[in-house]
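Please look through the sequence and the model below before reading on. The paragraphs that follow take the side-chain contacts, the fold and the surface in turn.

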Amino acid sequence: MLMAGAVLGMASGLSACVGSFDPETDASSPLAPRVQALVDANRTYPRWEDFPRSSEPVPPAAQVAQQVNTLRATGGALANEVSTLQWQNSDPAALEREVAARVAATPVSPDAARTAAELDAYAQSLRDRAKAPPPVGRTSTPQPQPAPQ
């Protein structure tokens, strides 16, 4: 059933695409002849012969019909169930106010409340602290090292 449905869906999708998509090649382009040759060579692709064969046998027509009827019945039941739902957000402005109030009532971390300028100043202070110290002056005589203990 799945395979038959997929094949039917693919076939209808391909037929819709073929009819609605007919691009034109820019004739002034230096690649136009090559593009047109490629398009013409592959105009009939894909063909059924190019698809791999399935290892599963095709289900009998009665089984496919039964599965289609089952899908129709469950789809109808779902549509009935959806039609009985009580939608509560018929006023989008009221929903927006409610959500804004809930967000405003949520406490915010002090780190998240910083402004962009504060964050830039903090980052610059960290960069300033991370600078290497000035180099130590070199002398010509070696300094004595303390004895290990």
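**Salt bridges, helices and surface**

Arginine 43 has a relative accessible area of 53% and is therefore exposed, a term used for values over 50%, while buried means under 20% and partly exposed lies in between (1.4 Å probe, protein chains only). Its partner in a salt bridge is aspartate 40, with 3.4 Å between the closest N and O atoms; a salt bridge here is a side-chain nitrogen of Lys or Arg within 4 Å of a carboxyl oxygen of Asp or Glu. Aspartate 40, at 45% relative accessible area, is partly exposed.

This is a predicted model, in which local features need pLDDT of at least 70 and side-chain atom pairs count only at pLDDT 80 or more, whereas totals for chains, interfaces and linings use all residues. Residues are numbered from 1 along each chain as its sequence is written, and side-chain values use heavy atoms, with hydrogens and water left out.

The whole structure holds two salt bridges. In one of them, lysine 131 pairs with aspartate 128, the closest N and O atoms lying 3.9 Å apart; lysine 131 is exposed at 60% relative accessible area, and aspartate 128 is partly exposed at 38%.

The protein has five helices and zero strands, where helices (H or I, at least four residues) and strands (E, at least two) are DSSP runs numbered from the N terminus. Helix 3, spanning residues 61-83, contains leucine 78, which counts as exposed at 51% relative accessibility. Of the 149 residues of the protein, 1% count as buried.
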